[in-house]
Amino acid sequence: MCMKWRIAACLFFVFILGLGVPIKALAHGAKIEYTVNVAIELVAAYDNGEPMAGAQFVVYAPDDPSTPWLTGFCDDEGRFSFVPDTSKPGIWDVQVRQAGHGDIVHIPIGEDAAVTGSAGGYTTLQIVLMALCVVWGTVGTALYFSRRRRA
Amino acid sequence: MRKRMLVLPIAVLFVVSIMLIGCAGAAVGTLQFDANGEDFVRQGFVSKDGWSIDFDHVYITLADVTACQTDPPYDPHSGADMNCDVKISLGNVYTVDLAEGGDNAPPILVGEVSDAPVGHYNAISWKMVKAPTGPAAGYSVVVIGTAEKEGQSVDFSIKVDEEYEYACGEYVGDERKGMLQEGGTADVEMTFHFDHIFGDAETPMDDDLNVSAVGFEPFASIAEAGKLDADMAELHAKLAAGDYQMLVDILPTLGHVGEGHCHCE
């Protein structure tokens with residue numbers, strides 16, 4: 001019984017250790033770094049196709065959807081562009097308004113784009129209960145391996 | 001034997017814990033539903049054909065008012081059904097006066113839900129229905145006011161008995177709406193653009209707003225002794241066919257979300 005418990009504990013320790021140990025690549029020589037900045041270009045037009053020349057645009061980032069991240073004005077052809085911060089993956093919202101007309105578009109940026117307007121998070125009570133369940137599961141596993149064998 | 005006796009209560013405790021997780025309840029706040037006729041209704045405006053219009057009352061009757069959290073965000077241009085991840089509705093029929101409160105009044109609070117799940121309510125739908133009772137009984141929209149031009153004055157009461165259903169995307173305006181935090185309050189707004197009916201002298205005449213608007217002159221031309229009290233049947237009988245058709249075509253465009261568009265049926 002103690003042996004099984006010890007084996008389980010060792011396996012668990014090795015698993016955790018494997019997650020935490022960084023892999024080092026030994027090399028020397030030239031090192032090149034590059035970044036790719038993807039610009040988003042939008043064109044705003046009225047329903048009849050006429051460009052929204054000089055219309056105001058507002059860009060909202062996914063990490064703070066209530067505060068403007070960027071504001072500006074479209075050019076004479078209703079065009080404008082911006083480079084989103086790719087360290088903030090998710091849905092970028094862009095609003096364009098002029099003379100009582102307006103619209104908003106939602107642009108996913110980055111892999112596994114997070115979704116705005118999610119239906120709520122966990123309360124503190126839920127988090128505590130989930131933590132207790134994890135602890136209990138761990139304890140239960142330990143108790144299982146520590147049980148005495150029947151003769 | 002002792003351990004066997006412990007297993008059952010421990011298992012029950014574990015199951016109860018799981019149940020409590022699910023039943024602990026999501027974070028909630030208060031979601032308010034507003035109706036807004038904007039300054040056009042509160043302060044009046046000049047129609048595309050020069051009539052200075054002031055409103056005494058603008059009654060609209062609302063039903064099935066529903067705010068949704070949608071993912072992906074609902075696109076009103078698509079005309080598709082609104083698929084709600086979270087849906088909050090007002091259960092009653094409401095007749096509100098968009099002109100209530102004077103020139104600088106805030107939007108009209110239609111109703112609120114105090115235990116709405118948190119999140120971003122980025123879509124809203126509602127119906128404009130005939131009022132069952134009250135000052136607008138039998139009509140979905142009643143517009144009462146006075147129009148003046150070059151010494152002429154017309155007291156008017158225009159009553160619409162058509163019913164409309166709106167499905168709208170996210171509010172478009174100076175600030176974003178519908179973002180509800182735990183324990184907080186957020187609002188969603190149903191906006192009504194009555195300048196679409198009469199046009200706006202401050203907007204270029206070749207703007208689609210004015211091109212599609214009826215104006216006030218057609219209504220003034222059928223007034224008798226400076227008074228006009230007409231429902232859609234009477235307007236159909238008295239207005240020129242082209243003017244009546246423009247009115248029929250423009251009424252569904254009343255509903256907006258700020259400057260954002262809605263799909264109307």
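Helices, labelled H or I, are DSSP runs of at least four residues, numbered from the N terminus. Keep that in mind for helix H4 of chain B, which covers residues 208-212 and holds B:Val211. The model is predicted.

Stay with B:Val211 for a moment. Now look for B:Lys48. It lies 163 residues away from B:Val211 along the chain.

What is the radius of gyration of chain B? The value is 24 Å, while a compact globule of 265 residues would have one near 18 Å. The box around the C-alpha atoms tells us about the outline. Along the principal axes, the box is roughly 100 × 35 × 35 Å. Of the 265 residues, 42% count as buried.

Next, find strand E13 of chain B, residues 185-192. This strand is mostly covered, with six of its eight residues buried. Which strand pairs with E13(B) in the parallel sense? That is strand E1 of chain B, residues 28-36, and seven bridges join the pair. B:Gln32 stands opposite B:Asp187 of E13(B). E13(B) also pairs with strand E15 of chain B, residues 255-256. Here the sense is antiparallel, over two bridges. B:Phe192 faces B:Gly255 of E15(B) in this pairing.

Turn to chain A. Four of its strands form an open sheet in the order E3-E2-E5-E6, with antiparallel pairing. Strand E3 (68-73) and strand E6 (101-109) are the edges, since each pairs on one side only. From one strand to the next, the twist averages 15°. Follow E5(A), residues 90-98, to its antiparallel partner E6(A): nine bridges join them. At one of these places, A:Val94 has A:Val105 in E6(A) as its bridge partner.

How far can chain A be trusted? Its mean pLDDT is 79, and 75% of its residues reach 70 or more. Over residues 112-121 of chain A, pLDDT stays under 50. The model still has 33 contacts beyond four places in sequence for that stretch. Where pLDDT is low, the predicted coordinates should not be read in detail.

Technical notes
Residues numbered from 1 in each chain as written. Chains lettered and ligands numbered in written order. Predicted model: local features only at pLDDT ≥ 70, side-chain atom pairs only at ≥ 80, totals over all residues. pLDDT = per-residue confidence, 0-100. Contact = placed C-beta atoms within 7 Å. Rg over C-alpha atoms; globule rule 2.2 N^0.38 Å. Buried ≥ 20, exposed ≤ 12 C-beta atoms within 10 Å, placed from the backbone. Pairing = 2+ DSSP bridges. Axes fitted to C-alpha atoms, helices over the stretch in contact; angles between N-to-C directions.
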